[in-house]
Amino acid sequence: FTDVGANDAKAKTAIPTDGYVLAVHKDYGSKITAIKNAAKDIQFYPHGIRITDKLDTTIKKASTAPKIDGNVSKGEYGTALWKYEPKNTLVNYEQFEKNNYYATAEVYAVYDDKNLYLGVIVDSPYFNNTLTQDGATGMYKFDCIQVNVSAADPSGDYMFKYFEYTDATSSAQTTKDNAVRQYGFGVNDKGESLSTLWIPSEPKFGGETSCKRDESSKKTYYEARIPWSEVGSKDQPVNVKKGEKFGFSVSINCGDGSDNIKAVFLRDGGGIIGINDWTKVPVLTFG
């Protein structure tokens, strides 16, 4: 570990064959302390450095639009985009107890000219969601899914300039352009489907969702239709055309309403967990 000044041209550190060099400006004292005192298994999320390219894939155009009824099937969606399971090195289970990685999932998505269709199957012996639609903004503490859809290509220049939602300037810009929308979808213990929009909070979700919990199979089914018309803006539109790109990410939340949330998420946070760094959202190419 080396901390250097911005104008210290003499600072040189050889890159080890089995690692990397992390340079932190000396003014960021709290960051330096955190790194020096980090636990052995800590994970770091470097801003603006994209290492999620192995998650990038192609999304197929639907010959027939899936029916949003909570019945997620390969007949409607084809092959899963991603499988969330402990053996998948592109999926992170760090919030779970060691060797108790009880939640797995399959994520499906297809599109047509007007909508993005999402289907997620979560296999977990536990389920807890006591909210109603009025309290849906708090569903991240319960069983649900978090979904990012990005009008801008996460690997492009726009996201490298405006990548962090907690930064005032970036947040104002991405909100203005409606460049990233972060949704929540869930189902409560009464069987009522829930939806919310966390980023930006307006305009509201204008699509359709249907979610179900099947206690006999211990599976939860999440399905949603997201209109392209509500993603992006005139200045930052989604170009729904073969070969064009957009951002898409899903995290699986397992919670009981407390702050002890366990989430299964894509590598480097997937642009949702850890830090909402939009460059970490996987890139999908319209097929």
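1. Ground rules. The model is predicted: local features need pLDDT of at least 70, side-chain atom pairs count only at pLDDT 80 or more, and totals for chains, interfaces and linings use all residues. Residues are numbered from 1 along each chain as its sequence is written, and side-chain values use heavy atoms, with hydrogens and water left out.

2. Where N276 sits. N276 lies in the loop between β14 (262-266) and β15 (283-286). Strands are DSSP runs of E, at least two residues, numbered from the N terminus. N276 counts as buried because its relative accessibility is 10%; buried means under 20% relative accessible area (1.4 Å probe, protein chains only).

3. What N276 touches. Its side chain makes a polar contact with the side chain of Q182, at 2.9 Å. A polar contact is a pair of N or O atoms within 3.5 Å; within protein, one must be able to donate a hydrogen and the other to accept it, and residues adjacent in sequence count only if both atoms are side-chain atoms. Beyond four places in sequence, contacts (heavy atoms within 4.5 Å) of N276 include F163, Y165 and I199.

4. Strand β9. This strand spans residues 180-187, and eight of its eight residues are buried. V180, Q182, G184 and G186 point one way; R181, Y183, F185 and V187 point the other. Side chains in a regular strand alternate between the two faces of the sheet.

5. Partners of β9. Strand β8 (residues 144-150) runs antiparallel to β9, with six bridges. Strands pair if DSSP finds at least two bridges between them. Six bridges also join β9 to antiparallel β10 (residues 193-199). There, Q182 has I199 as its bridge partner.

Note on methods: Helices (H or I, at least four residues) and strands (E, at least two) are DSSP runs, numbered from the N terminus. Buried means under 20% relative accessible area, exposed over 50%, partly exposed in between (1.4 Å probe, protein chains only).
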